[in-house]
Amino acid sequence: MLGLYKMALCDNLFAPEEMAMLYKVAKEYGMSDEEVDKVVMDDNFTMYLPETLEGKVKLLYRFTEMAWADGVIVDEERELLKQTAVRYGFLRENAEAIVDLLLEKVKNNIPVEKVIEEITK
């Protein structure tokens with residue numbers, strides 16, 4: 001969740017849409033609002049690294065939703081998305097294409113389940 005929070009802060013604006021997305025995604029991962037508040041305030045929180053391809057794609061998709069929540073993608077958001085993809089084990093040379101694909105899917109409101117299905121075929 002800290003990664004989502006950092007994504008929201010990349011453009012130096014924390015839009016209400018980004019805050020709503022942060023809490024929505026946290027709920028999907030079983031976190032309470034109080035736990036999210038704690039993560040946001042804790043500089044020592046460790047980033048969650050999914051183990052499965054499906055888990056990696058789902059969380060990258062959620063990061064992409066967070067970046068797009070205000071309708072603008074700034075360079076810092078794009079770079080953080082690429083860095084996250086690499087941290088999740090995707091090849092550096094594929095990171096930009098992965099980010100582009102996920103941005104396209106998020107902008108077109110394609111459900112994450114369909115994206116996962118498409119990628120894992």
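Guide: A nonpolar core is here a set of buried Ala, Val, Leu, Ile, Met, Phe, Trp, Tyr and Cys residues joined through side-chain atoms within 4.5 Å. Buried denotes under 20% relative accessible area, exposed over 50%, and partly exposed the range in between (1.4 Å probe, protein chains only). The model is predicted: local features require a pLDDT of at least 70 and side-chain atom pairs count only at pLDDT 80 or more, while totals for chains, interfaces and linings use all residues. Residues are numbered from 1 along each chain as its sequence is written, and side-chain values use heavy atoms, with hydrogens and water left out.

The largest nonpolar core holds 19 residues, of which Leu-60, Tyr-61, Phe-63, Tyr-88, Phe-90 and Leu-102 touch the most other members. At least two residues of this core come from each of helices H4 (53-68), H5 (75-87), H6 (92-107) and H7 (112-119); helices (H or I, at least four residues) and strands (E, at least two) are DSSP runs, numbered from the N terminus. A second, separate core has eight residues, among them Leu-22, Tyr-23, Ala-26 and Val-36.

Contact means heavy atoms within 4.5 Å. Setting aside neighbours within four places in sequence, Phe-90 is in contact with Leu-53, Lys-56, Val-57, Leu-60, Ala-85 and Ile-98. Thr-64 lies in helix H4 and is buried, with a relative accessible area of 1%. Beyond its neighbours within four places in sequence, Thr-64 is in contact with Leu-81, Leu-102, Leu-103 and Val-106.

In H7, the buried residues are Val-112, Val-115 and Ile-116. Seen down the axis of H7, they fall within an arc of 100°, so they line one face of the helix; the arc is that of the directions from the helix axis to the C-beta atoms. An α-helix has 3.6 residues a turn, so residues three or four places apart point the same way. The buried residues of H7 pack against H4 and H6, whereas Glu-113, Lys-114 and Glu-117 are exposed on the other side of H7.

The loop between H6 and H7 contains Asn-109, which is exposed with a relative accessible area of 66%. Phi of Asn-109 is near 55°, a positive value in a residue other than glycine.

As to confidence, pLDDT is the predictor's score for each residue, from 0 to 100. The protein chain averages a pLDDT of 81, and 78% of the residues score at least 70. Confidence is highest in H6, at a mean of 96, and lowest in helix H1 (residues 2-9), at 54.
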